[in-house]
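Biologist: I am new to reading protein models, and I would like to learn how to go through one feature by feature. Could you show me the example we will work on?

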Amino acid sequence: MFDFPSPLATNRFEDDVVGILTRLQRGPLPARPIAFYGSSSFRLWGTMVQDLQCLNVVNLGFGGGTNLSGRHYLEKLLVPLKPDRVALYFGENDIANDGLTGLSTFRNLEALVGDIRKQLPQAAIFILSTKQSPTRWIYADAVDHYNGLASDWCENSGEATFVDVSGVLLGENGRPMGRYYQPDFIHLNAGGYALWADILRRVPGLLS
């Protein structure tokens, strides 16, 4: 069912992708999967199914993921699963690691959603906002720009539903609250994921 990629020693995503494919091959898979397709903020969410209280959730997160790598692996990871719904989380690595602006990151998101629409026309798409991280605060303006573009596009185009999961991590001073992050101050800890889960469980049409 799933087509494993040829080994590419220079590609930092390959190990995670092969691991996901191995897990999917072993099964069992839900009859109506809800795919969480994104970067390490999904990959490291080991309690996703329990936190979201939904057995249909399938975690397709891979480390270092970007909108472009999401397009690259679409036909290997997402399309064979044939999910009913797709939750996307990309953007952080696009900006912080690949040096993209908020606008170019958004253009890649548009292209990714377009690819999903062509391959999975019946799937409902949900775009999670990109979080601010203490370690990456230097990129705050670009992240805000990206989130604003994505939110406006979702509202005006009807192509996807935008879900704000970043604002809840900010304190009164507008800065990310360190208590919700792992020691690297990039990735979320259990408390941060609990906040996300509370938001996602209440999004109409995502989990129920």
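Predicted model: local features only at pLDDT ≥ 70, side-chain atom pairs only at ≥ 80, totals over all residues.

Biologist: How many helices and strands does the protein chain have, and which pattern does the chain follow along the sequence?

Modeller: Helices (H or I, at least four residues) and strands (E, at least two) are DSSP runs, numbered from the N terminus. Here the protein chain has nine helices and five strands, and read along the sequence the pattern is α-β-α-α-β-α-α-β-α-α-β-α-β-α. The radius of gyration is taken over C-alpha atoms, and the globule rule is 2.2 Å times the number of residues to the power 0.38. For this chain the radius of gyration is 16 Å, close to the 17 Å that the rule gives for 208 residues, so the chain is as compact as a globular protein of that length. Taken along the principal axes, the C-alpha atoms fill a box of roughly 50 × 40 × 35 Å.

Biologist: What share of the 208 residues is buried?

Modeller: Buried means under 20% relative accessible area, exposed over 50%, and partly exposed in between, with a 1.4 Å probe and protein chains only. By that reading, buried residues make up 50% of the 208 residues in the protein chain. A related idea is contact, which means heavy atoms within 4.5 Å. Among contacts between residues at least 6 apart in sequence, 70% join residues at least 24 apart.

Biologist: Which strands pair with S3, and in which sense?

Modeller: Two strands pair if DSSP finds at least two bridges between them. Strand S1 (residues 34-38) and S3 pair in the parallel sense over five bridges, and S3 also pairs in the parallel sense with strand S4 (residues 124-128), over four bridges. To follow this in the picture, find Phe 36, whose bridge partner in S3 is Ala 87, and then Val 86, whose bridge partner in S4 is Ile 125.

Biologist: Are the residues of strand S3 buried or exposed?

Modeller: In a regular strand the side chains alternate between the two faces of the sheet. In strand S3 (residues 85-89), five of the five residues are buried, so the strand is largely enclosed by the rest of the structure. Both faces are covered, with Arg 85, Ala 87 and Tyr 89 buried on one side and Val 86 and Leu 88 buried on the other.

Biologist: Which residues of S1 point one way, and which the other way?

Modeller: Ile 34, Phe 36 and Gly 38 point one way from S1, whereas Ala 35 and Tyr 37 point the other way, and all of them are buried. S1 also pairs with strand S2 (residues 57-59) in the parallel sense, over three bridges.

Biologist: Where is Gln 122 found, and is Gln 122 buried or exposed?

Modeller: Gln 122 is found in the loop between helix H7 (102-119) and S4, and with a relative accessible area of 75% Gln 122 is exposed. Turning to a strand residue, Phe 162 is found in strand S5 (residues 161-163). Leaving aside neighbours within four places in sequence, Phe 162 is in contact with residues including Ile 127, Asn 147 and Cys 154.

Biologist: What should I look for in the backbone angles?

Modeller: One thing to find is a cis peptide bond, and here the bond from Gly 27 to Pro 28 is cis, with omega near -5°. Pro 28 lies in the loop between helix H1 (14-26) and S1. Another is a positive phi in a residue other than glycine, as in Lys 82, where phi is near 50°. Lys 82 is in the loop between helix H5 (74-78) and S3, and at 58% relative accessibility Lys 82 counts as exposed. Phe 185 likewise has a positive phi, near 55°, and with a relative accessible area of 38% Phe 185 is partly exposed.

How values were computed
Residues numbered from 1 in each chain as written. Heavy atoms only, no water.
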